[in-house]
Amino acid sequence: MIAQEEDVKDQYQDVFVLIANASNDYYELRTEMFKLSNTLNIEIDTMGRGFNKSKNLICLSEDDEDEIYAGDYFPRRSISNKLSLEYLTLYIELDDSEKNTIALVASICEKQDSAIEVLNRVQITNPNAYIIEASIFMGCIH
């Protein structure tokens with residue numbers, strides 16, 4: 001059993017996540033994401049997800065080709081300087097009252113220096129942007 005736990009630990013990667021803003025209002029953050037993209041010329045990667053009001057969930061469409069995650073939240077885990085809306089609980093522990101907090105992610109970096117470079121750009125328009133050090137599961141989730 002210990003060997004299996006070690007195998008799982010090896011599938012996590014320590015990263016630096018740049019949070020441009022956080023809120024419970026998906027549509028407010030979505031608008032902000034498009035403005036930030038236009039102002040700073042940063043690409044958006046929604047991964048085909050939108051917001052399902054009846055589920056109160058960022059998710060893939062019910063008829064998505066990914067049968068396992070269709071109609072559900074599939075997190076962005078790749079290292080990149082792209083904008084997306086993610087649940088903040090993916091990166092830090094929150095209490096139950098904050099579990100629906102959405103983060104406007106501007107970058108996921110392997111190195112802190114890289115995250116700081118992007119932070120300096122993002123803080124021009126979002127002075128309260130910040131970096132979180134997180135450990136993200138990078139193994140297969142299917």
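Let's start with a word we'll need: a residue counts as buried when its relative accessible area is under 20%. Keep in mind, too, that what you're looking at is a predicted model. With that settled, find Tyr73 and Tyr87, both of which are buried. Their rings make an aromatic pair, sitting edge-to-face with 4.8 Å from centre to centre and 80 degrees between the planes. This pair links distant parts of the chain, 14 residues apart: Tyr87 belongs to strand S4 (84-87), while Tyr73 comes from the loop between strand S3 (57-59) and S4.

That's one of four aromatic pairs in the model. Another joins Tyr26 and Phe51, whose ring centres are 4.8 Å apart and whose planes meet at 20 degrees, so this pair is stacked. Tyr26 is in helix H2 (residues 26-40) and Phe51 is in strand S2 (residues 50-52), so the pair ties together parts 25 residues apart in sequence. Tyr26 is buried, at a relative accessible area of 7%.

Now move along to helix H3 (residues 112-122). Which residues are buried here? They are Ala115, Val118, Leu119 and Val122. Look down the axis of H3 and you'll see these buried residues fall within an arc of 110 degrees, so they line one face of the helix. Asp113 and Glu117, on the other side of H3, are exposed. And what do the buried residues of H3 pack against? Their partners are H2 together with strands S1 (12-23), S5 (102-109) and S6 (130-137).

Terms used. Residues numbered from 1 in each chain as written. Predicted model: local features only at pLDDT ≥ 70, side-chain atom pairs only at ≥ 80, totals over all residues. Heavy atoms only, no water. Phe/Tyr/Trp six-rings, centres within 6.5 Å; stacked < 30°, edge-to-face > 60°. Helix = DSSP H or I, 4+ residues; strand = E, 2+ residues; numbered from the N terminus. Buried < 20%, exposed > 50% of the residue type's maximum accessible area, 1.4 Å probe, protein only. Arc of directions from axis to C-beta. Contact = heavy atoms within 4.5 Å.
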